[in-house]
Amino acid sequence: MRIIITKNKIVLFAACMVIFIIIAKLFYIQIINDEYKQIAKRNALYYQTQYPARGLIYDRNKNVLVSNQTMYDITVIPREISGFDTVELCKILNISEDFIKQSLTEVTKKYKNKGIASYQQTPVVKHISIDAYTKFQEKSYKFPGFYTRAYTARKYTTKSAANLLGYITEVDKNDISNDNYYQQGDFIGKNGIEARYENELRGRKGVAIYTRDVLNRIQDRYKNGEEDSLAITGLDLVCTIDSTLQNYGEKLMKNKIGSIVAIEPATGEVLALISSPCFDPSLLDEENRMTNYRKLVNDKYKPLFNRATMSSYPPGSVFKVANALIGLQENVLTPDTYYSCAMGYNVGKGVRCHSHPSPVNMTQSIMMSCNAYYCHVFRNIIDNPEYENIYDSFNKWIEYCLSFGFGRKLDTDLYGEKNGIIPSAKTYDNLHGKNRWKSLSIISLAIGQGEIGCTPLQTANFMATIANRGYYYIPHVVKDIEGKGIDTKFKQKRYTIVDTVNYKKVIDGMYLAVNGLGMGNTAGRAYVKDLDICGKTGTAQNAGEDHSTFACFAPRANPKIAVVVYVENAGAGATWAAPIASLIVEKYLTGKTTRPYEEERIVNANLLNKDKIQ
Amino acid sequence: MKRKKNILQALDWKTITVYIILVCTGWICIYSSVYNVEHSSIFDMSQRYGMQIVWIGTAFLLALFILCLDIKVFTVLSFPLYLITLFSLLFVIFAGTEVNGSKSWLAIGSIRIQPAEFMKIATSLMVAYVISEYGFKINSFTNILKLLVIFIAPIALILMQKDTGSALVFSSFLIMLYREGMSGWIVIGIIYISALFILSLLMPALETVCILTVLTMLIYIVLNSDILWKSIKIAFTFFIGLIIATFIRNEADIKLETQYLILIYVAVFLSMLLIKYHKGRISKLLLVAVFFFSSVFISFSVDYVFDNFLKPHQKDRIEDMLNMKVDLQGTGYNVNQSKIAIGSGGLFGQGFLQGTQTKFNFVPEQSTDFIFCTIGEEAGFAGCLVIIGLYLFLLFRIIIIAERQRFAFTRIFAYCTFGILFFHFAVNISMTIGLIPVIGIPLPFLSYGGSSLWAFTIMLFILLKLDTKRWN
């Protein structure tokens, strides 16, 4: 059959084609694609979130450090606002008229830009007092469109450990896109324990679903509450911190920059973690965060920077103990090896030393902190003929360092833990050229200087390892999550590749460094009667004045605590770090201190700005 | 065969029935889209549904009035009417009221009228009068010039009011011109050039290529209209093949952007056609190929030139002219909400007054330009089909009416009506479902608004009045 084509048929045919395309698209969005129905549902049902209380944080003695408090906001639904008495509202809320006018215009502007916001409660006045809240409740009928919103925020009973605990803020866009659990207005932990244990602390939000009518008035439970869910309270954490010790440490570190880390060697539990300057965690609570956060960020001493886990200091003489252990294990050093010291190690560029009796054996070398001795030891390790070349022996040395926990993350539960620095052969290849460097080129490593950096946490862990004679537990700050216990990785002994017997040999030296009165010991200032502190001073050279370091553990026989103290730009280790560390040890072991003069000298010392003096 | 009938018998009642159904549906949709509990009386004049009753009532009166006029009025007065409306357009530019960024409203007391709506009728009458004159030949140069002046004057004035949508409606006169003897090539050529430029600027490359592909196949069918069924079959095979090709691309995880896939596919398909089906039709096939690839080339280069060579202020000017900025930012939201509303309708919709998106006024302008959302949400796909069916029926009736005329004047006017109605209908629905960029024109008979309802009513009833005289 032949159809006669006339122009009117072509016109109709073309029209039909267009209509066909329209119907096809309609079919797609109405029947095939489900997405639009989902969005529509979200618009029409009112999901009232049930917020769980966040888990509490206790210290190791079950004192509450962080709890919750209820906060109150005034919110508005812009399209419901109609004539109200501004003056009265301001009187009730105790705010200025300008303030309320300004925040109201902000909210209504938003509402003009985005149609949806006009149905939503938006906060206009934040953090009103409970008095204002109750007063407003009584008179709320006078203010159509104004509502109240109650939610829980953090309350800090402790005045210390701000960096360790962290803080919570309202989620931002990133948080929401990273984890779809969060919605606008939720809180999330930032920094410290709050961030690391966010999943445990936050609990689970519940939801009550309502249908709403034309005027956004809640009508009924959706499906009689079948799809509702209850909020589950967050889990309480018991952390390993001894808040008395933490407070005491922060007091000692007043007006000093630096860090104290104290670990219980037998468990790896962190007893105190201080990064100075310290600040009151309440500065970052819901009420004050807005005003204080910027101040803290802009503070030139960077109080938000957690020096204990993030700052990589040259370990200085403390590292001699590590080299001694490596030398012993590699059989290039015995406790009876004597080397003489002529005010330094005068080979090549040389390494200077202070004046002390000579020659010294290994024990004495630790006690007197002889630089020359460790230059010999280090060259013995690196030039060990057992190894084919310097790369093999140097890599072996690195292996030891890594086994001590230097140069890598310890995999702790502390927030923002940093690697520290242990140089690789490549570092020196780049610096000197391949095969162009020798043991003498890297001799600074012998005394913990040069291309090496350890965080206070790593050094403290090393002290705990020595205290345990060869193993450590991964340091951690949380010891129990509401009866569930903690990750088993914190319960496993981690052995280093140095034998126990060798640890015992270096401990003799560390013991004498503190207790060897009159024998040329370097850390006599850390001596406390009957406590058997074993320690090693360090004076870490750097661009400014030296950092004062001291690392120790006590008591010698059955160690209860390992402490590391760094005081930036404060000079020799013996002057500041050693007495601070010994006070910490004394406080923890005996509950009191016996040297009020020393304590007073330290608390009153202001060692800020010393980097400028030079 | 010459019969005398009275006007009631001669009236095309089928068209009137569809008209009334559409207008009433429109009112129901408006009621639903602005409904709220506080103002539930249907005669509440502060609400749009209350006002629309007034508009509908007056529209009916207007219809009656037109049916009572002598048909000579339309021919004799076409020129004066055209001039008067043109002047009112000019007047609006200087003294009009601005609504939503376009200064196209004439405020008389509390009533606002949009002269552009009536310009369409006046132009239709004017054109019908000119073309139906004895001795008019559409291909003569002077006549073409005459027509151009008639069209360009109102288009220019409407563009000056920044009412791009209404100006675009004038392109629908091409349908009438095509029917009245203008070569199909000119229609296609004009669509080809203007659409290409606008599409390339407004749309991503992929969508432009898709539209061009569909267009190419339409042209292919038109070109081969002497073997219509065969060419339709080939077009059908083409699209099935394209879907399969896309499917294979997805399954085989080949990293090829869809627009390039389509380009390659078209090239392969056309070469296969050349070998297999088209002995002796090579020139037509080449024409299609040249059309497709040159348009893709032009489209891509328009984008390229726009992005790389134009200075910012030049871009701004073009974007402003095309209303691109306003549309993409302001109504990107509209279209999204509109699609959500229509999409949530499903097969049978949420039911009258139950549409949640409609209730909460999620879609701005829902009672005017986006009235189709209400149908989509509350009556679902089925309801949409009914409404589209009604329009299709109306459009078919108009063609039937057009083709049964003995006087060219009526036929030409009928095709103008067809074109304008079809353009409004297709463009409006397409924009609510995101097929094309937002062009702010109302859906005939359904959208809220006095001007548009009056204008479409007047137009339809002039046609119906003219139709009653088809025997003498």
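**Reading the helix contacts and the sheet**

Modeller: In chain B, Y192(B), L196(B), F197(B), L199(B), S200(B) and L201(B) of α10(B) meet S295(B), I298(B), S299(B), V302(B), D303(B) and F306(B) of α14(B). This is a predicted model, where local features need pLDDT of at least 70, side-chain atom pairs count only at pLDDT 80 or more, and totals for chains, interfaces and linings use all residues. Residues count from 1 along each chain as its sequence is written, while chains are lettered from A and ligands numbered from 1 in the order in which they are written.

Colleague: At what angle do α10(B) and α14(B) pack, and how far apart are their axes?

Modeller: α10(B) (residues 184-202) and α14(B) (residues 282-308) pack at about 45°, with axes 9 Å apart. That makes α10(B) oblique to α14(B). The scale has under 35 degrees as roughly parallel, over 145 as roughly antiparallel, 65 to 115 as roughly perpendicular and the rest as oblique. Axes here are lines fitted to C-alpha atoms, for helices over the stretch in contact, and angles run from 0 to 180 degrees between N-to-C directions.

Colleague: Is the crossing of α10(B) and α14(B) left-handed or right-handed?

Modeller: Right-handed. That word is used if the near helix is turned clockwise from the far one by less than a right angle, and left-handed if anticlockwise.

Colleague: What about α11(B) against α14(B): which angle do they pack at?

Modeller: About 160°, for α11(B) (residues 205-223) and α14(B), with axes 10 Å apart. That makes the pair roughly antiparallel. The crossing of α11(B) and α14(B) is right-handed too. Their contact has 12 nonpolar, four polar and two charged residues. Among those meeting are L212(B) and I219(B) in α11(B), with F291(B) and F292(B) in α14(B).

Colleague: Over to chain A. How many helices and strands are there in chain A?

Modeller: 22 helices and 20 strands. Those are DSSP runs numbered from the N terminus: H or I of at least four residues for helices, E of at least two for strands.

Colleague: What makes α10(A) "mostly covered"?

Modeller: Seven of the 10 residues of α10(A) (243-252) are buried. Buried requires 20 or more other C-beta atoms within 10 Å of a residue's own, exposed is 12 or fewer, partly exposed is in between, and C-beta atoms are placed from the backbone. The buried residues of α10(A) include L245(A), Y248(A) and L252(A). They pack against β3, β11, β12, α20 and α21 of chain A. Across the 614 residues of chain A, buried ones make up 44%.

Colleague: Why is β11(A) called largely enclosed?

Modeller: Seven of its seven residues are buried, so β11(A) is largely enclosed by the rest of the structure. In a regular strand, side chains alternate between the two faces of the sheet. In β11(A), G258(A), I260(A), A262(A) and E264(A) are buried on one side, with S259(A), V261(A) and I263(A) buried on the other.

Colleague: How do you know that β11(A) and β12(A) pair?

Modeller: Pairing needs at least two bridges found by DSSP, and β11(A) and β12(A) have seven, antiparallel. V261(A) is opposite L273(A) there. β11(A) also has six bridges to β20(A), again antiparallel.

Colleague: Which order do the strands of the open sheet take?

Modeller: β12-β11-β20-β19-β18 in chain A, five strands with antiparallel pairing. β12(A) and β18(A) each have a single partner strand, so one side of each lacks a neighbour in the sheet. On average, neighbouring strands are turned by 5° against each other, direction ignored.

Colleague: What joins β18(A) to β19(A)?

Modeller: Seven bridges, in the antiparallel sense. K536(A) has A551(A) as its bridge partner in β19(A). The two strands form a hairpin with six residues between them.

Key:
Two residues are in contact if their C-beta atoms, placed from the backbone, lie within 7 Å. Ala, Val, Leu, Ile, Met, Phe, Trp, Tyr, Cys and Pro count as nonpolar, Asp, Glu, Lys and Arg as charged, and the others, Gly among them, as polar.
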